[in-house]
Amino acid sequence: MSQDGSPKRATITDMMRNAQGQPLDYSFMELKTMAEVLEEEPFAGHRKPRAQPEVEVVEEVKEKDAKEKDAEKGAKVPEKAAPVVQISNAVRLSNNLLENLNGFNHVMKEILYQPSMLAWIDLSHNLLTEIPKGFAKYEHLNVIYLHANNIQKIKEVEKLSGLKKLRSITLHGNPIETQKFYRLTVIGILPNLRSLDFSVLTVLDRERAMMHKETQEKRRAAALERARDA
């Protein structure tokens, strides 16, 4: 409890006393844009509170003033424990109609207490054609579900190469899955993966991916050499 007798506001440390909260669930809402996420309440999980309307702020100030006066008169103010909120670092946006993720960073700031700690994101079963470059800033991401979208270029995966903590990704059900050496290429781009498309990687997978990557690099180098000599 604070000195004026009002309930102590929960700090980030207070809120994280318990285990991480369950994912904020915005699945099956027929969302077409990221902006629409802000208009909805998640089916599950505890999102960051919306900005308080001015009327509520005024009432809160009045209540605080009343408690201060009671404290000055010597009246005892009941002690209330600080609320404990299970902070989520995971977001589920699967089974919607998202064609792009424009505004993703802004939305994360609005719904997550600590957006920089985002560790798990489910964007499966949408209409995405690209992976946003902005994902690279979420250095704690370790699980990304992107299966059943419309990603057609394997180079899109390179946008995730800076995520050193990324351990699991799904991309099956996208057009890139049909490309030759798809699995070896993805593993080569994301060497820290432990699972791809819900399949655990083996030592052999990593060795083959490394050999494939080296072969491709040699071919590119040879092609550049021939182009310079031409």
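**View 1. Trp120 and Tyr145 pair across two strands of the predicted model.** Trp120 is buried, because its relative accessibility is 17%. Tyr145 has a relative accessibility of 16%, so this residue is buried too. Buried here means under 20% relative accessible area. Ring centres of Trp120 and Tyr145 lie 5.6 Å apart, and the planes meet at 75°, so the geometry is edge-to-face. The cut-off for that class is over 60 degrees. Trp120 sits in strand β3 and Tyr145 in strand β4, so the pair ties together parts 25 residues apart in sequence.

**View 2. Phe104 and Phe135 form a tilted aromatic pair.** Across the whole structure, a search finds 4 aromatic pairs. In the pair of Phe104 and Phe135, the centres are 5.1 Å apart and the planes stand at 55°. Phe104 belongs to helix α3, residues 104-111. Phe135 belongs to the loop between β3 (120-122) and β4 (143-145). The pair therefore ties together parts that are 31 residues apart in sequence. Both Phe104 and Phe135 are buried.

**View 3. Tyr138 joins an aromatic cluster and carries a charge over its ring.** Ring pairs link Tyr138 with Phe104 and Phe135 into a cluster. The charged end of Lys137 sits over the ring of Tyr138. The distance from that charged end to the ring centre is 5.7 Å.

**View 4. Leu93 is one of the residues that touch the most other members of the largest nonpolar core.** That core holds 44 residues. Met108 and Ile144 join Leu93 in touching the most other members. Helices α3 and α4 (182-189) each supply at least two residues of the core. Helix α4 gives the largest share, 5 residues. In soluble globular proteins, nonpolar side chains tend to be buried together. Which residues does Leu93 touch, not counting those up to four places away in sequence? The contacts are Tyr26, Leu31, Met34, Val37, Leu98, Ile121, Asp122, Leu123 and Asn126.

**View 5. Ser88 reaches two backbone oxygens.** Ser88 lies in the loop between α2 (54-72) and β2 (90-92). Its relative accessibility is 4%, so Ser88 counts as buried. The side chain of Ser88 reaches the backbone oxygen of Gln22 at 3.0 Å. A polar atom of the Ser88 side chain also lies 2.9 Å from the backbone oxygen of Ala90.

**View 6. Asp25 and Arg92 bridge strands β1 and β2.** The structure holds 6 salt bridges. The one between Asp25 and Arg92 has an N to O distance of 4.0 Å. Asp25 lies in strand β1 (residues 24-25) and Arg92 in strand β2, so the pair ties together parts 67 residues apart in sequence. Are the two partners buried or partly exposed? Asp25 is buried, with a relative accessible area of 14%. Arg92 is partly exposed at 24% relative accessibility.

**View 7. Asp205 and Arg183 link helices α5 and α4.** The side chains of Asp205 and Arg183 meet in a salt bridge, 3.7 Å from N to O. Asp205 lies in helix α5 (residues 203-229) and Arg183 in helix α4, so the bridge ties together parts that are 22 residues apart in sequence. Asp205 is buried, with a relative accessible area of 15%. Arg183 is partly exposed, with a relative accessible area of 26%. Elsewhere, salt bridges that share partners join Asp25, Arg92 and Asp122 into one network.

**View 8. Lys159 and Glu156 meet in a salt bridge.** The N to O distance is 2.8 Å. Lys159 counts as partly exposed, at 23% relative accessibility. Glu156 counts as buried, at 10% relative accessibility.

**View 9. Phe181 and Phe198 have positive phi values.** Phi of Phe181 is near 60°, in a residue other than glycine. Phe181 lies in the loop between β5 (168-170) and α4. Its relative accessible area is 40%, so Phe181 is partly exposed. Phe198 has a phi of about 65° and is not a glycine either. The place of Phe198 is the loop between β6 (195-196) and β7 (199-200).

Conventions. Residues numbered from 1 in each chain as written. Predicted model: local features only at pLDDT ≥ 70, side-chain atom pairs only at ≥ 80, totals over all residues. Heavy atoms only, no water. Phe/Tyr/Trp six-rings, centres within 6.5 Å; stacked < 30°, edge-to-face > 60°. Helix = DSSP H or I, 4+ residues; strand = E, 2+ residues; numbered from the N terminus. Buried < 20%, exposed > 50% of the residue type's maximum accessible area, 1.4 Å probe, protein only. Lys NZ or Arg CZ within 6 Å of the ring centre and 35° of its normal. Core = buried A, V, L, I, M, F, W, Y, C linked by side-chain atoms within 4.5 Å. Contact = heavy atoms within 4.5 Å. Polar contact = N/O pair within 3.5 Å; in protein donor to acceptor, adjacent residues only side chain to side chain.
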